Amino acid sequence: MSQDVSQWLAEIKMLRQQLTEAQQEREQAYASAANWQRLYETEAQQRRADTALAKQTIESLKQQIQQIKSIPVAGETPSDTLAMIQAEVAQLETPQALREKLVQVLAERDRLLEALKTEQANHAQTRKGLTTALGDAIDMLSKGKGNNAEE
């Protein structure tokens, strides 16, 4: 009988240990699940932020496209351009809006002037290079004719 009791006690002890191990595994599983949920939520939040940023970029690009479409095209008459400008100014309802638009226009003008200066400098450099190359080619042709005349 004492052997039966010892056997039962050993089995109870083993079952308690298995129960403790199962509880530890369960706690580890819960911790792992919580970690994965945190990672998922972080990723979802990042995706939402990326989506919002993409939407803002799309809206900004749409506005830029509209602005580009409103730029006068070669062939439009000055009265068409003036009418477009007057319509745009009429949409600006407050002095502050007019000031902001003026600042934008002046900044754009300065940027375009700078681009024009750069383009003019590049054009002058290209013209100088082409003139030099043309001069060199004429010299070579002249020397070639001079050598042919001597023969």
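User: In what order do the elements of the chain run from the N terminus on?
Analyst: This is a predicted model. Its elements run α-α-α from the N terminus on.

User: And how many helices and strands are there in the chain?
Analyst: The chain has three helices and zero strands.

User: How much of the chain is made up of buried residues?
Analyst: Of the 151 residues in the chain, buried residues make up 1%.

User: Changing topic: how many salt bridges does a search of the whole structure find?
Analyst: The search finds five salt bridges. I can describe some of them individually.

User: Which residue forms a salt bridge with Arg47?
Analyst: The partner of Arg47 is Glu43, and their closest N and O atoms are 2.9 Å apart.

User: Where do Arg47 and Glu43 lie?
Analyst: Both belong to helix α1, which covers residues 2–69. Four residues separate Arg47 from Glu43, about one turn of the helix.

User: Is Arg47 buried or exposed?
Analyst: Arg47 is exposed, because its relative accessible area is 53% and the cut-off for exposed is over 50%. Glu43 has 39% relative accessibility, so Glu43 counts as partly exposed.

User: What about Lys62: with which residue does Lys62 form a salt bridge?
Analyst: Lys62 pairs with Glu59, with 3.9 Å between the closest N and O atoms. That distance qualifies because the cut-off for a salt bridge is within 4 Å.

User: How many residues apart are Lys62 and Glu59?
Analyst: They are three residues apart, about one turn of the helix, and both lie in helix α1.

User: How do Lys62 and Glu59 count in terms of relative accessibility?
Analyst: Lys62 counts as partly exposed at 48%. Glu59 also counts as partly exposed, with a relative accessibility of 42%.

User: Why does Arg26 count as partly exposed?
Analyst: Arg26 counts as partly exposed because its relative accessibility is 41%, and this class lies between the buried cut-off of under 20% and the exposed cut-off of over 50%. Glu27 is likewise partly exposed, with a relative accessible area of 43%.

Key:
Residues numbered from 1 in each chain as written. Predicted model: local features only at pLDDT ≥ 70, side-chain atom pairs only at ≥ 80, totals over all residues. Heavy atoms only, no water. Salt bridge = Lys/Arg side-chain N within 4 Å of Asp/Glu carboxyl O. Buried < 20%, exposed > 50% of the residue type's maximum accessible area, 1.4 Å probe, protein only. Helix = DSSP H or I, 4+ residues; strand = E, 2+ residues; numbered from the N terminus.
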